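Student: Could we go through this structure together, one question at a time?
Tutor: Gladly, let's take a look.
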Amino acid sequence: MNSALAGLLAASAVLAFPGPGARRRLETAVLGAPRGPKWRLRMAGAWPTVLSAIALGVLSALLARSMVLAFLVPFGAWRAYRAWTAHTARLAVERRQTEIIELCVTICSELHAGREAREALRDAAVGACPDLAVHLVGPLGTGDDVVTVLRTAAGTPGREALAALAACWQVAEGGAGMTAAIGELSDGLRAERAQRRELDAELAGIRTSARLLAMLPVVGLIIGSGMGLSPIPMLLHTGVGETCLVLGIAFVLGGVMWMDRIARSAEALS
């Protein structure tokens, strides 16, 4: 039993932390090419983490001799993984939004300096959005349509403003009104970013309060253990305790999710 458990943990560690190339080959070998519904595409990148969470839950259940941990630990690990990926995605969106603002500001500066429109866009993209500049090199060098490239890139989360830049480019490429149009676009994007940051600052207190309240049961367990009441063994090794543990976690998680939903609704209304 111990050797099988050790093998399971070792396999999950190898699958969860390989290099990017090895991980893609493993995912393709097991799941095939990533296609199909969204849940399949998400699982294509998350299944090593799922295996590791299950292995951690089995190990925790064996060490603590409590079967409820075989379900709670993987669930908690999965929720932490989802929260981490959502936070990472949000940071990436904010970074792309900042890059688009810098792109518009740089284009305006270059046009004010007398640069040709295509040269200004190329230099601004190289400095602010290097990955976008890779797709613009060909159209800018051969004189092809740049609007299509900008509108395609606008489909990436955080780069929606490129659609407005594409409209400015299409209407007044190289014209006198192009500088003014892109300048107004950059001013609007900066004002929107300032408003979004102000709202995030106001909602940060609400989110922090909700998470502090969610930690109060843990504080109660620590205080109870310090008083010699042994609440943790009761929660893990009795039927009533396991039921209370599951219900308590469900209520706490529901409250946190409800508060996050209210915050997201406020963000959507802004």
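Tutor: First, a term: a crossing is left-handed if the near helix is turned anticlockwise from the far one by less than a right angle, and right-handed if clockwise. The model is predicted, so local features need pLDDT of at least 70 and side-chain atom pairs pLDDT 80 or more, while totals for chains, interfaces and linings use all residues. Residues count from 1 along each chain as its sequence is written, and side-chain values use heavy atoms, without hydrogens and water.

Student: In which hand does helix 4 pass helix 11?
Tutor: Helices are DSSP runs of H or I with at least four residues, numbered from the N terminus. Helix 4 covers residues 69-112 and helix 11 covers residues 239-269. The crossing of helix 4 with helix 11 is left-handed.

Student: How are helix 4 and helix 11 oriented to each other?
Tutor: Axes are lines fitted to C-alpha atoms, for helices over the stretch in contact, with angles from 0 to 180 degrees between N-to-C directions. Here the axes are 13 Å apart and the angle is about 15°. Angles under 35 degrees count as roughly parallel, over 145 as roughly antiparallel, 65 to 115 as roughly perpendicular and the rest as oblique. Helix 4 and helix 11 are therefore roughly parallel.

Student: Which residues of helix 11 make the contact with helix 4?
Tutor: Contact means heavy atoms within 4.5 Å. Helix 4 brings L72, F75, R79 and R90. Its partners in helix 11 are L245, V246, I249, L253, M257 and E267.

Student: In which hand does helix 4 pass helix 5?
Tutor: Helix 5 spans residues 117-128, and its axis comes within 8 Å of that of helix 4, crossing at roughly 145°. In helix 4, the residues that meet helix 5 include E99, L103 and L111. The crossing of helix 4 with helix 5 is right-handed.

Student: What is the reach of helix 4 from its first C-alpha to its last?
Tutor: The expected span is 1.5 Å times one less than the number of residues. Helix 4 has 44 residues, and its reach is close to the expected value. That reach is 64 Å.

Student: Which residue just after helix 4 takes a positive phi?
Tutor: Look just past the end of helix 4, where phi is about 95°. The residue is G114.

Definitions and conventions: Helices (H or I, at least four residues) and strands (E, at least two) are DSSP runs, numbered from the N terminus.
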